[in-house]
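Thanks for coming, everyone. Please have a look at the molecule on the screen, and then we will walk through it together.

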Amino acid sequence: MNFLLQILFWIAVCGAVSSTIYCLMVIASAVRFGVRKRREDRAVTTFLPAVSVLKPLHGTEPGMERNLESFFEQDYPEFELLFCARHETDEALRLARRVGERYPHVDAHYVTCGEPEPKFHNAKVYSLAKLDSVARHELFITSDADVRVTPDYLRRMVQNLKDPQVGLASCVYLGTTDKGKSVEMTSGVLVADMLEGTKFALGATMAVRKRSFRDAGGFEYLGQFYADDFVLGNRLAARGIGVRLSSHVIRLMVQDTPFGLSFRNQLRWMQSTRRSRPLGHLGTGLTFAMQFGLLGLLWGLLSGHVLLGVIWLGALVLNRWLQAGMVLRMMGDRDWVWGMLIYPLRDLLGSVLWLGSYGGDRFYYRGKIYRMKDGGRVEEP
C-alpha cells in the first residue's frame with residue numbers, strides 16, 4: 001500500500017509542477033500579447049487594399065442573421081462579400097440574400113458549389129475552392145458562419161498582410177457559451193506563439209493571400225484533412241512563408257448544445273489534434289491541473305494527510321483561476337469573473353477529452369462516420 005501511495009504522490013507532484021509551470025507561461029504570454037494588442041489597436045490603419053471576404057455556409061442556426069449583418073457593416077473602402085452553399089435551397093444562403101437586400105451599397109455575391117467531390121472530405125475547403133474561383137481580389141478574408149465581428153474587423157485583419165512576406169494571419173476567439181474552451185485553446189496558442197512563433201492557423205477567420213492556398217498544396221490537398229487550418233498554416237511556415245497571430249480578437253457565437261453532442265464535437269477536435277501533432281498533443285496532458293489536484297486530494301485522504309490533500313487541490317484550483325482570469329481579461333471578456341470561477345471544471349473536462357482522444361480513430365460528423373488517419377487526414381471507412 002505504501003508503494004502505491006508513493007506512486008500516487010509522485011504522479012500528483014509531477015502534474016502539479018508541470019501545470020504550474022504552464023500556468024506561469026500562459027500568464028507571461030498573455031501579458032506579451034496584451035502589450036502588442038494595445039499597441040496595434042492604437043496604430044493608424046493605412047494599409048487598405050481591396051479584399052474578398054469568403055464565407056462558406058451550410059444551414060442556419062440562432063443568431064446567424066446578426067452574424068451576417070456584422071460583415072455588411074464593415075468600415076472599409078473596398079471589399080466584396082462572397083457566400084457559398086452547396087445548393088440554392090440552403091437556408092443560410094437564402095438568409096444571406098435577404099440580409100444583403102438591406103445593404104444594397106455592399107458588393108455581395110452568392111454562389112453554389114454542389115456536393116463535395118469524393119476527394120474532398122472537408123466540405124468547407126470545397127466551398128473555399130469555389131469561392132476562390134470567383135473572387136476578384138488577391139487578398140482574402142475567410143470566416144466561418146458563426147463569427148460575429150466589429151466594424152473595424154477588416155481594417156484590423158488586413159494590416160497583418162502589410163508585410164509581403166506574411167502569407168497568412170489568424171486570430172484567437174472568445175466563445176459566447178463555452179468560454180472554458182476559449183481559455184484552453186487561447187492559452188496553448190499564446191504559449192506556442194511565444195516559444196516558437198506561429199506555425200499553424202486558426203480557421204474561424206483568416207487573412208490570407210490567394211496564392212497561399214496554392215503554396216500549401218492546393219485545395220484538393222487541404223480537403224483531405226479535418227484540421228485544414230492547421231495544415232495550411234503549418235505547411236506555409238515550413239516553406240518559410242510568414243504565418244502570424246493577429247492581435248485582433250473575434251467572437252464566436254457558439255450554440256448552447258446538449259452536453260453529449262458538445263462532448264462528441266470536442267472529442268473530435270482532440271482526435272484531430274492528436275493526429276496532426278502527436279508529440280505536442282501528448283505533452284498537453286501535463287498542462288491540465290485539476291486531475292492532479294484530485295490525485296493529491298486522494299493521496300491525502302489515503303495517507304492520513306487530509307488537510308494537505310485539501311490544500312493541494314485548492315492550490316491547483318487557484319492555478320486555473322489565475323490562468324483563466326488572465327486570458328479572459330486580456331481578450332476583453334466582460335464576464336471574465338464567472339468564466340474564471342468555472343474554469344477548473346473545464347480544465348478537468350479537458351483532461352478527460354485528452355485521454356479519450358487516444359481511444360479510437362472514428363468520429364461522427366454531419367451525418368457520416370469518418371476515420372482519422374495519421375497526419376490528420378480523413379477518410380470514409
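Let me start with a question: does Phe9 count as buried, partly exposed or exposed? Phe9 counts as partly exposed, because its relative accessibility is 22%. For the cut-offs, buried means under 20% relative accessible area, exposed means over 50%, and partly exposed is in between, with a 1.4 Å probe and protein chains only.

Some ground rules. This is a predicted model, where local features need pLDDT of at least 70, side-chain atom pairs count only at pLDDT 80 or more, and totals for chains, interfaces and linings use all residues. Residues are numbered from 1 along each chain as its sequence is written, and side-chain values use heavy atoms, with hydrogens and water left out.

Now the rings. A pair of aromatic rings is described by the distance of the centres and the angle of the planes. Rings of Phe, Tyr and Trp (its six-membered ring) pair if their centres lie within 6.5 Å; planes under 30 degrees apart count as stacked, over 60 as edge-to-face and the rest as tilted. The structure holds 14 aromatic pairs. Take Phe9 and Trp312: their ring centres are 5.7 Å apart and their planes stand at 85°, so this pair is edge-to-face. The pair links distant parts of the chain. Phe9 is in helix α1 (residues 2–42), Trp312 is in helix α13 (residues 306–330), and 303 residues separate them. A word on names: helices (H or I, at least four residues) and strands (E, at least two) are DSSP runs, numbered from the N terminus.

Trp312 counts as buried, at 13% relative accessibility. Trp312 also pairs with Trp299: centres 5.9 Å apart, planes at 55°, so that pair is tilted. Trp299 lies in helix α12 (residues 290–303), so with Trp312 in helix α13 the pair ties together parts that are 13 residues apart in sequence. Trp299 is buried too, with a relative accessible area of 10%.

The charged end of Lys55 sits over the ring of Phe71, 3.9 Å from its centre. Lys181 has its charged end over the ring of Trp269, at 5.2 Å from the centre.

Next, the sheet. Two strands pair if DSSP finds at least two bridges between them. Here we have an open sheet of 7 strands with mixed pairing, in the order β3-β2-β1-β4-β8-β6-β9. Which strands stand at the edges? They are β3 (107–112) and β9 (242–245), each with a single partner strand, so one side of each has no neighbour in the sheet. Strand β1 (residues 51–56) pairs with β4 (residues 139–143) in the parallel sense, over 3 bridges. Leu54 has Thr142 as its bridge partner in β4. β1 and β2 are also parallel, over 6 bridges. There, Pro56 has Cys84 as its bridge partner in β2.

How many residues of β2 are buried? The count is 7 of its 7 residues. Both faces are covered: Phe79, Leu81, Phe83 and Ala85 on one side, Glu80, Leu82 and Cys84 on the other.

Stay with Cys84 for a moment. Its relative accessible area is 0%, so Cys84 is buried. Cys113 is buried as well, at 15% relative accessibility. Are their sulfurs bonded or too far apart for a bond? The sulfur of Cys113 is 3.8 Å from that of Cys84, its closest cysteine sulfur, which is too far for a bond. A disulfide is a pair of cysteine sulfur atoms within 2.5 Å, and the structure holds 0 disulfides.

Last stop, Lys37 in helix α1. Is Lys37 buried or exposed? Lys37 counts as buried, at 15% relative accessibility. Contact means heavy atoms within 4.5 Å. Leaving aside neighbours within four places in sequence, Lys37 is in contact with Ser247, His248, Val249 and Met330.

Terms used. Lys NZ or Arg CZ within 6 Å of the ring centre and 35° of its normal.
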